[in-house]
Amino acid sequence: MEELAPAGIPNGNGHHFHHQSSLATNHRLRKPGRVSRPRARRADALASGARVSSEQVQTQQVQQTLTPTQTPCTDFDKAYFHSYAHLSIHEEMIKDRLRTETYRSAIMQHQDYIKDKVVVDVGCGTGILSIFCAQAGAKRVYAVDASDIAAQASEVVKANNLSETVIVLHGRVEDVEINEEVDVIISEWMGYMLMYESMLGSVITARDRWLKPGGLILPSIATLYMAPVTHPDRYGESIDFWRNVYGIDMSPLVPLAKQCAFEEPSVETISGENVLTWPHVVKLVDCYTVTNQELESITTKFNFQSMLRAPFHGFAFWFDVEFIGPGTFSAYSDSPPQQYSNPTIEGSQRTKRANPNKALILSTAPEDPPTHWEQTLIYFYEPIEVEQDQHIEGSVTLSQSRENCRFINIHLEYTWSIFREGVCIEMIILHSSVQVHWCHYSNGKAPNNL
């Protein structure tokens, strides 16, 4: 028996082979081989405590007063919101054409729900989604953001002569005041691995505070997937490179290279050819019914069957979101609209792509066009050779960190069996724990590997 003990967090992939388990250390989600800004998911719903009247167009801040149902704004929250004041983060998201155009298409597709109605944009950023809603005929749009980018959003609204329609509120969703019920909530809340940054809680708060019965939430359904992957090119570039460097044997550096490359989860783009099995549904989120308590810890058991013989380098995670009208279906019904043909049930595996016209879907799957979310990979220090039809079983738990709910703790346990002449001669059990950690940035700059 060996224990897989990954050290870390976001970008490097946290799985190493050790004979003793070790606790995860604090690391960052990083992208291999280049420096990038923190794609922190929206600075959306929680900021330094601000209370603003729903009748005010310009952003305002006043002394925060907490009610018994409100949560205080922590130093982690303040640092998180501060990071979203940097324009480059919003530039990266807006330049993701698949993301932005899918949201605009969803707004126009649901124009009947939006025209002459009241909308809340949770984590509005620069205000682009709020303006799309205004262009779709919304009577009033409350654009809420806790980051200082709200001041720029207000200027953008003015520049587009929409100040009578779009009201920018600078503050946390938990703190701002909107003195009417709303018909629609829109938010681009998804983080790496869907749950990283824990911004969905702000959407839940907005829903519970303001959404009318039968109101619309965009996106409506979110699904997180995982699958075993093979990625020999990445392993070769990061590890095998050191075995012969300009004719020099640098193999003593291989253990350090593995640590640097794979100790933390990695955000990068893979293709469908890298995926060894059909994906497994880790979590399906119905935005109309999900609770914050439900998101504190997510556990699922998996049983993959490899479709080919290949080196097994680790696990990949990705997600999709669907934009569906209220009452179209329950997320847990037998036949929801979906991206794949199998029913979307937690713990199930999805197979073929279904007719995309059944629902408007924003997908970050390896076989789909790339987005700024890419995929999140957790690599092993050593690849595992798997045979065609070989089973990989286990479980994964994603839990919010007690230190900071925007961090994710990932615990993986999995086994696979080695057969000879139809007889199981060895079963290998591995354990892995990593912490996906959002970091503090000054002036919007991320450390080298985020």
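User: Is F304 buried or exposed, and how is that decided?

Analyst: A residue is called buried under 20% relative accessible area, exposed over 50% and partly exposed in between, with a 1.4 Å probe and protein chains only. F304 has a relative accessible area of 0%, so F304 is buried. This is a predicted model, in which local features need pLDDT of at least 70 and side-chain atom pairs count only at pLDDT 80 or more, while totals for chains, interfaces and linings use all residues. Residues are numbered from 1 along each chain as its sequence is written, and side-chain values use heavy atoms, with hydrogens and water left out.

User: Which aromatic pair does F304 form, and how should I read its geometry?

Analyst: Rings of Phe, Tyr and Trp (its six-membered ring) pair if their centres lie within 6.5 Å, and planes under 30 degrees apart count as stacked, over 60 as edge-to-face and the rest as tilted. The structure holds 15 aromatic pairs. In one of them, F302 and F304 are tilted, at 5.1 Å centre to centre with 35° between the planes. F302 also counts as buried, at 4% relative accessibility.

User: How are the rings of F312 and F380 placed?

Analyst: Their planes stand at 80° and their centres are 4.8 Å apart, so the pair of F312 and F380 is edge-to-face. Helices (H or I, at least four residues) and strands (E, at least two) are DSSP runs, numbered from the N terminus. F312 belongs to strand β12 (residues 310-323) and F380 to strand β14 (residues 375-386), so their pair ties together parts that are 68 residues apart in sequence. F312 is buried, with a relative accessible area of 0%, and F380 counts as buried at 1%. One aromatic cluster is formed by F302, F304, F312, F315, F380 and Y414.

User: How many residues of strand β10 are buried, and which strand does β10 pair with?

Analyst: Two strands pair if DSSP finds at least two bridges between them. Strand β10 (residues 280-286) is mostly covered, with 7 of its 7 residues buried. β8 and β10 pair in the antiparallel sense over 6 bridges, and M226 has H280 in β10 as its bridge partner.

User: What is the volume of the largest pocket, and which residues are closest to its centre?

Analyst: Rolling a probe the size of a water molecule over the atoms shows where empty space is left. On a 1 Å grid over the protein atoms alone, a cavity is a set of points where a 1.4 Å probe fits but cannot get out, and a pocket is an open set with protein on both sides within 12 Å along at least five of seven lines; lining residues have an atom within 4 Å of a point. Grid points are joined across faces, edges and corners, and a volume is the space filled by probe spheres set on the points. Here the largest pocket has a volume of about 730 Å³. Of the 31 residues that line the largest pocket, T71, E174, G201, N292 and C405 are the closest to its centre. The largest share of the lining, 5 residues, comes from α7.
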